[in-house]
2 protein chains.
Amino acid sequence: MTGSERRHGGRPRSERADKAIIEATLDLLAEEPGVAGLSIEAVAARAGVGKTTIYRRWPSKDALILDALGAAKAPLPEPSGGSVREDLTGLARALTDERKRRYSRCFWNVVGGAEKHPELYARYRRDIIEPRREIVRRVLRRGVGTGELRADLDVEVAMSMLLGSLTSKRPEETFPEGHAEAVVDTLLRGIGTDAKRRGDGGSEPISAR
Amino acid sequence: MTGSERRHGGRPRSERADKAIIEATLDLLAEEPGVAGLSIEAVAARAGVGKTTIYRRWPSKDALILDALGAAKAPLPEPSGGSVREDLTGLARALTDERKRRYSRCFWNVVGGAEKHPELYARYRRDIIEPRREIVRRVLRRGVGTGELRADLDVEVAMSMLLGSLTSKRPEETFPEGHAEAVVDTLLRGIGTDAKRRGDGGSEPISAR
DNA sequence: AGATTCCGAAACGCTACCGTTGCGTATCGG
DNA sequence: CCGATACGCAACGGTAGCGTTTCGGAATCT
């Protein structure tokens, strides 16, 4: 979006300024409450850059934040392809570790302002959320194929349980050691005792009263 | 917080104004991106009220929002006490239905500004999140006692899976019919096939490779 | 050299909202 | 009726950020 083509001669755009602006944006976005809390003036000051330099490159605050978030994202590692348990555990651990990263708050702060910046939110979902859902989805589908997972598994439900349990808290709240493993384990085994387990239908409760 | 004691005579404070202010606050909070997006002027205009009337009652924007959120919350219904499956399903359905409520976005929008308004966020967690976690926690503990749930269950993990799967998306995204039931069912049964199931220790993977 | 573009800094006019104050009116208790 | 308080409304000075423009200087092309 920035460095397509300079038309003629003249001084080239400073790459340092580019980096400094993006970094300052992310820093501030991690501290400020949402898009509204971020001001171009603050970014310029933090980056040691004139406002002109910012406006020359990005037409609006939204566009700047869009690019900044793009620079901050790091995709989940592709699962190794061992057992489903191993793969899910690896993904869960990656998600857990990710919360400690410097810019993990940015995304939370952006989500809070979703209504007023729908494009930003849509991009967040498309570039961050959906790819990682897809990775998990593939692992689960494979598990169904290999017989490691139940044949009647609702993949979307399982995904929401795995991802939800790991992402529904703000990153300030830490997880206990071994949380990722415990989640995967619980997801695989279930929390119920196995009264009436193998029955395929399996819908009515066990009436433990 | 508002109506404790009027010292003397004089015109009493309008109860209508109170309601109108709180309602306008919630309306705006459901639309605006976070606490920062809400202005006292806008609340006054929307409520058909002078700014004076607001400042007379609340010392700050935070205090106003605090009270407004307090008025918006509705606790989860106490579970009926039937089977654990029934109780969890009831809770899950309540959580699912809640997302359609008018003010459910308010909380999301507030969470996004958590850093800058820690008291607000703390109150949100204490008054909204924690009580409902406690309800679920009790159901799970009871299930362990009755034998409906695994004796070695990590209650916190199970809770985060149940609640996370139902609350980690913004309320704009709807769930398919029967989602609540599917989540509870999946949580109880697990997603794995039952190779090596009854083993109590049960820690090493099943090495399906 | 000369043209061209970028740089950081400062100032511009504009808008929104802050928290406060003053105004005339409405509504209570005594 | 009187004093007290609350009401809606409008205006105040102050702050912050917007997006734009101007400036002197620096970098790079032909």
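Q: Which conventions apply to the numbering and to the model?

A: Residues are numbered from 1 along each chain as its sequence is written, while chains are lettered from A and ligands numbered from 1 in the order in which they are written. The model is predicted, with local features requiring pLDDT of at least 70 and side-chain atom pairs counting only at pLDDT 80 or more, whereas totals for chains, interfaces and linings use all residues.

Q: How many residues of chain A are in contact with chain B, and which elements give two or more of them?

A: Two residues are in contact if their C-beta atoms, placed from the backbone, lie within 7 Å. By that criterion, 52 residues of chain A are in contact with 52 residues of chain B. Helices are DSSP runs (H or I, at least four residues), numbered from the N terminus. Those of chain A that give two or more residues to this side are α5 (84–98), α6 (104–111), α8 (155–167) and α9 (179–189). The most, eight residues, come from α8(A).

Q: What classes of residue make up that side of chain A?

A: Ala, Val, Leu, Ile, Met, Phe, Trp, Tyr, Cys and Pro count as nonpolar, Asp, Glu, Lys and Arg as charged, and the others, Gly among them, as polar. The side of chain A that touches chain B has 20 nonpolar, 19 polar and 13 charged residues.

Q: Where do the domains of chain A lie in its sequence, and how many residues does each give to their contact?

A: Domain bounds come from an automatic or database domain assignment. For chain A, the assignment gives domain 1 (3–70) and domain 2 (74–201). Their contact takes 13 residues from domain 1 of chain A and 14 residues from domain 2 of chain A.

Q: Which residues are closest to DNA strand C?

A: A residue is near a strand if its C-beta atom, placed from the backbone, lies within 6 Å of it. DNA strand C is surrounded by 29 residues, the closest being A:Gly10, A:Arg11, A:Gly50, B:Gly9 and B:Arg11. The largest share of the surface near DNA strand C, four residues, is from α3(A).
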